[in-house]
Amino acid sequence: MRIRRILAAVFATAALAGLGLTGAATAATATAVSVTPASVTPGECTDNGGTIDRSTPVLPTCRGGMYDGQTVD
């Protein structure tokens, strides 16, 4: 009887630890996908549907496409 309780506690702990690791891996994957770069290359801007706007005062900016509003380096 005592061994059954110990085994049940071990399995419950392992199951809860597994759920914690799965949640952390999912959160890490979601975070990695949503990261946007501070600046993009001219090729990245045009390849993803944007055009380079060189009329901005400081740095050229990507207009339209996936990187709309990002500076072009």
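1. Let me begin with Gly 64, which sits in the loop between β3 and β4 (71–72). Helices (H or I, at least four residues) and strands (E, at least two) are DSSP runs, numbered from the N terminus. Gly 64 is partly exposed because its relative accessibility is 27%; buried means under 20% relative accessible area, exposed over 50%, and partly exposed in between (1.4 Å probe, protein chains only). Gly 64 touches Gly 49 and Gly 50, with residues up to four places away in sequence not counted, where contact means heavy atoms within 4.5 Å.

2. A word on what you are looking at. This is a predicted model, in which local features need pLDDT of at least 70 and side-chain atom pairs count only at pLDDT 80 or more, while totals for chains, interfaces and linings use all residues. Residues are numbered from 1 along each chain as its sequence is written, and side-chain values use heavy atoms, with hydrogens and water left out.

3. The overall layout: the chain has two helices and four strands, and along the sequence they follow the pattern α-β-α-β-β-β. Of its 73 residues, 12% count as buried. The chain exposes about 5600 Å², and carbon and sulfur atoms supply 65% of that; the areas come from the Shrake-Rupley method with a 1.4 Å probe, and for residues only the protein chains shown count as cover. Among contacts between residues at least 6 apart in sequence, 30% join residues at least 24 apart.

4. Where is the disulfide? A search of the whole structure finds one, and this disulfide joins Cys 45 to Cys 62, with an S to S distance of 2.1 Å. The pair links distant parts of the chain, 17 residues apart: Cys 45 is in helix α2 (residues 42–47) and Cys 62 in strand β3 (residues 61–63). The cut-off used for a disulfide is a pair of cysteine sulfur atoms within 2.5 Å. The link of Cys 45 and Cys 62 is right-handed, with 90 degrees about the S-S bond. Cys 45 counts as buried because its relative accessibility is 1%, and Cys 62 is buried with a relative accessible area of 0%.

5. Both cysteines belong to the largest nonpolar core, whose five residues are Val 40, Cys 45, Cys 62, Tyr 67 and Val 72. A nonpolar core here is a set of buried Ala, Val, Leu, Ile, Met, Phe, Trp, Tyr and Cys residues joined through side-chain atoms within 4.5 Å. Leaving out residues up to four places away in sequence, Val 40 touches Cys 45, Cys 62, Tyr 67, Gln 70, Thr 71, Val 72 and Asp 73.

6. Please also look at Gln 70, in the loop between β3 and β4. The C-alpha atoms of Gln 70 and Ala 38 are separated by 6.8 Å, although the residues are 32 apart along the chain. Neighbours within four places aside, the contacts of Gln 70 include Thr 36, Pro 37, Ser 39 and Val 40, as well as Pro 60 and Cys 62.

7. Thr 56 lies in the loop between β2 (51–53) and β3, whereas Thr 61 is found in strand β3. Thr 56 counts as buried at 19% relative accessibility, and Thr 61 is buried at 8%. Their side chains are joined by a polar contact of 3.5 Å. The term covers a pair of N or O atoms within 3.5 Å; within protein, one must be able to donate a hydrogen and the other to accept it, and residues adjacent in sequence count only if both atoms are side-chain atoms. The side chain of Thr 56 also reaches the backbone oxygen of Leu 59 at 2.3 Å.

8. Which residues form the salt bridge? The structure holds one, formed by Arg 63 and Asp 53, whose closest N and O atoms are 3.3 Å apart. Arg 63 lies in strand β3 and Asp 53 in strand β2, so the pair ties together parts that are 10 residues apart in sequence. The criterion is a side-chain nitrogen of Lys or Arg within 4 Å of a carboxyl oxygen of Asp or Glu. Arg 63 is partly exposed at 37% relative accessibility, as is Asp 53 at 22%.
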